[in-house]
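Here are a few exercises to work through with the model open in your viewer. Try each one before you read the solution.

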Amino acid sequence: MSVLKKIVKSNELVRMPHFSDCLEQKLFARMVVEVRDRPGQEEYQIPVLSLVKDLDMTVNNREYVEEAVRRMFYPLTVRDDVWIKYLPVFKDGKLNIETGMVHFSPAEELLPHILNLAGSFTAYNLSTILGLKSGYSIKLYELFLSDSYKDQPVIYKVDDLREMIGLGKRKYVDYYTFKIKVIDTAKVALSDTDINFDYAELKTGKKISALAVTIKKIKEVEKAEELRENAPKVDELIPNRGAVEAMERVLGIGVKQALRNWEYAISLEDGNEDEASKRIFRNLKHTEDRDVAGEIKTARPNFFYTSL
């Protein structure tokens, strides 16, 4: 299994409370990769028992693995002031206890959240979460990554945060246990990823009711500084500098994101830089036209990336 595979989820899915267990989170991530790699299949399969080792897990209890797989097929629960909504993730699933293969069929309701995304979404490499040992840390990584574009601290109500990471109402009930076991644990764990965060506690009366979280994409900041210090190297890395500059100008993005788009376009054209450049300019024009027509409901860079 390639750890460089991309996990892509809609931000709505990122905020849904699901799979709080670490093994479940990593299995679901692998399932997303499988569906995105081969969209349209009726059934998929992954070797779950060997995958435990592949995913850098130390779980040896077979019953625990089987229970984790079983929970994967529960529907996601989304609450608002009026409704409790249930989103099915898989319409069918089974575990072969002899081969250790999990067979699954994604539900139609799940596909818009991982394929052909039209709205805002979050993407990261599978390798990023493999070293994380807590399911809550993985959930917070996804959540904070989805909000990392914001320049100001992001305010999360404590109750909402607990709900989004799937903590429920019975675990780590008092705030200080929640802070130590979840927030501070994640703060240390995420320092080894491409983001880190700091937070300030906000009170309503004497009760801590919200967190103001400052999120930084550390590696992007370091890379941007490196590129500024070694500007000529950018042209060496990018033979078709015009396409990169066009993305910076039209989409209002930085060099880092433009480089990522360029590399993605090259991969889509099997390494052909001329065709990659044509693809970029064609989709920049498409993005501008749709924006003028008022048809873009998300950020321009997201729409452009999806249209590539």
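Predicted model: local features only at pLDDT ≥ 70, side-chain atom pairs only at ≥ 80, totals over all residues.

**Exercise 1. A hairpin turn**

In the hairpin of E9 and E10, which residue takes a positive phi?

Residues are numbered from 1 along each chain as its sequence is written, and side-chain values use heavy atoms, with hydrogens and water left out.

Solution. 
- Step 1: find the strands. Helices (H or I, at least four residues) and strands (E, at least two) are DSSP runs numbered from the N terminus. E9 covers residues 196-204, and E10 covers residues 207-216.
- Step 2: check the pairing. Two strands pair if DSSP finds at least two bridges between them; E9 and E10 run antiparallel and are joined by nine bridges. Lys-203 stands opposite Ile-208 in E10.
- Step 3: look at the turn. Two residues sit between the strands, and Gly-205 has the positive phi, near 70 degrees.
- Step 4: look at another partner of E10. Strand E8 (residues 154-157) pairs with E10 in the antiparallel sense over four bridges, and Lys-157 has Ala-210 as its bridge partner there.

**Exercise 2. Another hairpin**

Through how many residues does a hairpin join E3 to E4?

Solution. 
- Step 1: place the strands. E3 takes residues 76-79 and E4 takes residues 84-87; four bridges join them, and they run antiparallel.
- Step 2: pick a bridge. Leu-76 has Leu-87 as its partner in E4.
- Step 3: The hairpin goes through four residues.

**Exercise 3. A sheet and its edges**

Solution. 
- Step 1: get the order. This is an open sheet of three strands, E2-E6-E5, with antiparallel pairing.
- Step 2: find the edges. E2 (44-47) and E5 (90-95) each have a single partner strand, so one side of each has no neighbour in the sheet.
- Step 3: Axes here are lines fitted to C-alpha atoms, for helices over the stretch in contact, and angles run from 0 to 180 degrees between N-to-C directions.
- Step 4: zoom in on one pairing. E2 and E6 (residues 101-106) pair in the antiparallel sense over four bridges, with Pro-47 opposite Met-101 in E6.
- Step 5: see what packs on the sheet. H2 touches E2, E5 and E6 (contact means heavy atoms within 4.5 Å), and its direction makes about 135 degrees with that of E2.

**Exercise 4. Two helices crossing**

At roughly what angle do the axes of H2 and H6 cross?

Solution. 
- Step 1: H2 spans residues 22-37 and H6 spans residues 135-146; their axes come within 7 Å and cross at roughly 45 degrees.
- Step 2: name the arrangement. Angles under 35 degrees count as roughly parallel, over 145 as roughly antiparallel, 65 to 115 as roughly perpendicular and the rest as oblique. H2 and H6 are therefore oblique to each other.
- Step 3: list the contacts. Cys-22, Gln-25 and Lys-26 in H2 meet Gly-135, Ile-138 and Lys-139 in H6.

**Exercise 5. An aromatic pair**

Are the rings of Phe-73 and Phe-90 stacked, tilted or edge-to-face?

Solution. 
- Step 1: know the cut-offs. Rings of Phe, Tyr and Trp (its six-membered ring) pair if their centres lie within 6.5 Å; planes under 30 degrees apart are stacked, over 60 edge-to-face, and the rest tilted.
- Step 2: count. The whole structure has 13 aromatic pairs.
- Step 3: apply the cut-offs. Phe-73 and Phe-90 are 5.1 Å apart centre to centre with 55 degrees between the planes, so the pair is tilted.
- Step 4: check exposure (buried means under 20% relative accessible area, exposed over 50%, partly exposed in between, with a 1.4 Å probe and protein chains only). Phe-73 is partly exposed at 24%, while Phe-90 is buried at 7%.
- Step 5: widen the view. Ring pairs link Phe-28, Tyr-44, Phe-73, Phe-90 and Phe-104 into a cluster.
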